[in-house]
Amino acid sequence: MIEATKLSKTFTTHKKEPGLKASIKSLFVRNTITKHAVKEVSFRVDEGEIVGLVGANGAGKTTLVKMLAGVIHPTSGDARVLGHVPWKRSNDFRRQIALIMGQKAQLWWDLPAADSFLLLREIYQIPEPKFRATLDYLVGVLEVKEQLTVQVRRLSLGERMKMELIAALLHGPRVVYLDEPTIGLDLTAQRAIRDFILKYREEHRPAMLLTSHYMEDIERLCKRILIIREGEIVYDGLLEKVVQTYADHKVVTAHLHKRPEPVKETDELRAMGQVEKCNDLLIKLRVPRLRVAEVAGELLKRYPVADLAIEEVDVGTIIEKIMRERSA
Amino acid sequence: MRLFWSIVGVQVRKRMAYRTDFWINSIVAFAAELGVAYFIVAAMFSGGDRVGEFSRHGMLLYYISVILIGKVVRSTDMEHVIAGDIYDGSLSRYLVYPTSFFFMKYATQIGSLVPSLVQIFLFGAWVPFVLGVPEGLQITPWTVAMCAVALFLGNALHFLVTYPIELVSFWADNCWSLMVLHRIVAGLLGGVLLPLTLFPAWSQKVLAILPFKYMFSFPVDALLGRVTPAAFFQGVGVAIGWCAIMACISAMVWRRGTLQYTGVGM
């Protein structure tokens, strides 16, 4: 459904030093810098898949999404979305995609969302019965019936995002680009949006490409992720494999029966693993995968353990680590 | 066409969403401009009874007409909107819609004309009855019909001239000064600041082939019966010719510009 082949995008921007002198100089001479926002990126996304695009600010996530949505032209490379070249912007292509930008309102700000939906019906030429059925379904699932007639600018951020989702999905797109759909939302609204995306994916099976800074979005929604760093894809694979591949250790936490003296960070403890925390109530160690069982046994033998937990390292931490390694 | 009227409808509703602004724009702004026109005419005629071929009465009628018609032609609410869309990345959402950006913006600017049309029907229609039509001028159903055609073309031509200027934002980020320049030039050479007949005789042929006359002066002259049927059809032909030229230029600039577009702000 989405196929990118060696897709690259280079931007040239002006550079200006601070200060009045530099401002005057820039009226006559301008220095430019070239930024390689996306470098020879190749991947594919199939029907029914939600792929998470993960990376730091400025890594090239949004630029990639913009190219695949046909908003901007690439500098080089090729892409096919539903068999179309996105940046040729054929109407047939545009009728089958949706772009949801969490940071950019797409609805008409001064009107109730219902008015925007009527206009979108005409733009996408959605037959009236299909429009009614889809609208009723989306409004019902997202629970925003009461807000349909309220001016968009008067809605809460969460309600507005729900309306944006409805606006983007009214025409039943087969490819959906979600750029930070939960940004700025409170936890309840984030959860509602995530639940909706999952439900929608199950029922309609579009290909979805999701960018988000919230690891919970990625963990809840995506089985597969692309990690992008300085415009390059540094990891393309299953989310669970990231942990297995890149986390060479686990976290072992021993909760202790209350002791009169806190546990000291002794050589004996350091020999078991990297000590993250130790006090009178718990010992927390980062232990190489192969030694987990052995260390767990040692802890049980040597300390008054009340409870023992062995956990994978947080996926967000691992992703951060991958990005750090590559930049170094 | 259904989409066109839907966009017009949305814009009309948007303009009516803020009733204070709507009525200020419809009544207060018009009253203020009427006052300005009165004082300009009073100053022009302080030294005599006639300026060129205009009597004081005729000049007042000309200015009121050009104010009202100018509002319909210019659709002031739309100024800098397209450039702003490019500048802040709002254009991105239009690029994913399966329809033409030009088409959407043209329909939007037609919808923005509502306050101006309210002014024309509420205030413009009674002006000739109160002031009376001076000797040498005439307002008849035929001149009103000619004016309507010229007004439609004037609005389209103004949009088509403004559109590629706003698209300069693809390269220059901000083209506000170009828009101001265009407004001044169009106002001067289109007959908003002064009736074109007051310009020197040698300039009349040049003014007749430039597009600006067909935005403002031509519809007003058509309304006041200052255009013969032959001159009217000739003027319509020139206006259509300019619309075609500007449409070609717009398409070219758009094609090149969208290659440059980076969608910043998205």
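The model is predicted, so local features need pLDDT of at least 70 and side-chain atom pairs count only at pLDDT 80 or more, while totals for chains, interfaces and linings use all residues. Residues are numbered from 1 along each chain as its sequence is written, chains are lettered from A in the order in which they are written, and side-chain values use heavy atoms, with hydrogens and water left out.

At the interface, 29 residues of chain B are in contact with 29 residues of chain A (contact means heavy atoms within 4.5 Å). The two salt bridges between the chains include one between the side chains of Arg2(B) and Glu122(A), at 2.7 Å from N to O. A salt bridge is a side-chain nitrogen of Lys or Arg within 4 Å of a carboxyl oxygen of Asp or Glu. On chain B, helix 1 (2–16) is one of the elements that give two or more residues to this side, and helix 1 of chain B gives the largest share, seven residues. Helices (H or I, at least four residues) and strands (E, at least two) are DSSP runs, numbered from the N terminus.

In chain A, six strands form an open sheet in the order 5-6-7-3-8-9, with mixed pairing. Two strands pair if DSSP finds at least two bridges between them. Strand 5 (97–101) and strand 9 (232–238) of chain A each have a single partner strand, so one side of each has no neighbour in the sheet. Strand 8 (residues 224–229) of chain A pairs with strand 9 of chain A in the antiparallel sense over six bridges. Here Arg224(A) is opposite Leu238(A) in strand 9 of chain A.
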